[in-house]
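The following exercises concern a predicted model. Each task is followed by a solution in steps.

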Amino acid sequence: MNSLLKDLKLTEVTLFLEKSVISSNYKESQFLERIEANFTRYKDKVAVKTDTNTLTYQELDEQSNQLKSALLNKFSKGSVIGVYMMPGANLVISILGALRAGIIYVPLDPKQARLRLQNIAEDAQLDGVLFEEIRIEEATELFKNQDIFTFSSLLKKIVKKEHIFDIKKVLDNI
C-alpha cells in the first residue's frame, strides 16, 4: 500500500493513524496491534491535536498506558465503564486506556439529554463513569447509581504508586 494518512475526526480532535487502514472486519486485537506499532514507528509525530492540546504518539502511548494501569487497579478486565467527556485529548486517552486494559467503554456525550444518558448508563450496567473535573457537578447529579471517578484522580493514584515504588527502590539500594 502507498503511504496513507487516515484522519479520524472527533469534532476538533484529529487522531492520525498513518499506514493503518482500519475497517470493520478488523478484530479489536488487530486494531490495538496497529496502534501499538504506530506508537513505536511515529514516536515524535503528532497523534492528537486539539485547539488547546497536542500529543505525540509517545505521549499518547505513555498517558493511555498510565490510564490502563489505573483502570486495572480499580476494575477487572471485561468491566464496563462510561466515558463522560467532550471530544478532546482526554477522550482519546480514555478510549485507548480502556481498550488496552480490556475494559469495555461506553461513550456518554455530555451534549445528550440527561434522561438519555441516565438510560444508557442503566441499560449498560456501568461499573463506573470516568469524567473530567470540569464536569464534576453534572456527573454526580447524572450518575447517582454509578461509581464515578475523574480522569486526573485515577492518574494521580498511579503516579503516587510509581513514586512510592521508586522511593523504595532507591532505599533498597542504599
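**Exercise 1.** Determine which residues serine 64 touches, leaving aside those up to four places away in sequence, and whether serine 64 is buried or exposed.

*Solution.* Step 1: the residues touched by serine 64, apart from those up to four places away in sequence, are Phe39, Ile93, Leu96, Gly97 and Arg100. Step 2: serine 64 itself belongs to helix α2, residues 57-74. Step 3: buried means under 20% relative accessible area; serine 64 has 0% relative accessibility and therefore counts as buried. Step 4: the side chain of serine 64 also reaches the backbone oxygen of aspartate 61, at 3.3 Å.

**Exercise 2.** Describe the span and the burial of helix α3 (residues 89-101).

*Solution.* Step 1: the 13 residues of α3 reach 18 Å from the first C-alpha to the last, close to the 18 Å expected at 1.5 Å a residue. Step 2: twelve of the 13 residues are buried, and α3 is thus mostly covered. Step 3: among the buried residues are Ile93, Leu96, Gly97 and Arg100. Step 4: just after α3, glycine 102 has a positive phi of about 75°.

**Exercise 3.** State the strand order of the open sheet of four strands, and explain why one side of β6 and of β8 is left without a neighbour.

*Solution.* Step 1: the order is β6-β5-β7-β8, with parallel pairing. Step 2: β6 (104-108) and β8 (148-150) are at the edges, and each has a single partner strand, so one side of each lacks a neighbour in the sheet. Step 3: from one strand to the next, the twist averages 30°. Step 4: β5 (residues 80-84) pairs with β6 over five bridges, and isoleucine 81 has tyrosine 105 in β6 as its bridge partner.

Conventions: Residues numbered from 1 in each chain as written. Predicted model: local features only at pLDDT ≥ 70, side-chain atom pairs only at ≥ 80, totals over all residues. Heavy atoms only, no water. Helix = DSSP H or I, 4+ residues; strand = E, 2+ residues; numbered from the N terminus. Expected span 1.5 Å × (residues − 1). Buried < 20%, exposed > 50% of the residue type's maximum accessible area, 1.4 Å probe, protein only. Polar contact = N/O pair within 3.5 Å; in protein donor to acceptor, adjacent residues only side chain to side chain. Contact = heavy atoms within 4.5 Å. Pairing = 2+ DSSP bridges. Axes fitted to C-alpha atoms, helices over the stretch in contact; angles between N-to-C directions.
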